[in-house]
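Please have a look at the sequence and coordinates before reading on.

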Amino acid sequence: LNVPGGSINVVPGRCAFSLDLRAPSNAQRDALERDVLAELAAICERRGLGRRLERTMSASAAPSAPEWQQR
């Protein structure tokens with residue numbers, strides 16, 4: 001999170017954050033993205049908040065070794 005002013009005890013008027021979504025396949029990652037964005041939209045709607053999205057990068061899924069996935 002990047003919160004302007006950096007204060008820990010103030011509700012900011014705005015903040016920015018990045019989110020890195022990863023999955024073993026493009027289809028799983030894309031489904032995850034749809035779910036996350038739908039929930040974000042619902043939260044913003046309920047709370048009367050605005051949002052602005054900017055995709056900074058997109059890459060094909062690259063599954064890690066099965067041993068790492070088990071960890």
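This is a predicted model: local features need pLDDT of at least 70, side-chain atom pairs count only at pLDDT 80 or more; totals for chains, interfaces and linings use all residues.

Residues are numbered from 1 along each chain as its sequence is written, and side-chain values use heavy atoms, with hydrogens and water left out.

The protein has two helices and zero strands, taken as DSSP runs (helices H or I, at least four residues; strands E, at least two). Its radius of gyration is 16 Å, whereas a compact globule of 71 residues would have one near 11 Å; the value is taken over C-alpha atoms, and the globule rule is 2.2 Å times the number of residues to the power 0.38. The C-alpha trace spans about 45 × 25 × 20 Å along its principal axes.

Buried residues make up 3% of the 71, where buried means under 20% relative accessible area, exposed over 50%, and partly exposed in between (1.4 Å probe, protein chains only).

| Residue | Relative accessibility | Class |
|---|---|---|
| L19 | 54% | exposed |
| C15 | 40% | partly exposed |
| C44 | 5% | buried |

How many disulfides does the structure hold? There are zero, a disulfide being a pair of cysteine sulfur atoms within 2.5 Å. The sulfur of C15 has its closest cysteine sulfur in C44, 10 Å away, so a bond is ruled out by distance.

L19 lies in the segment before α1 (26–47).
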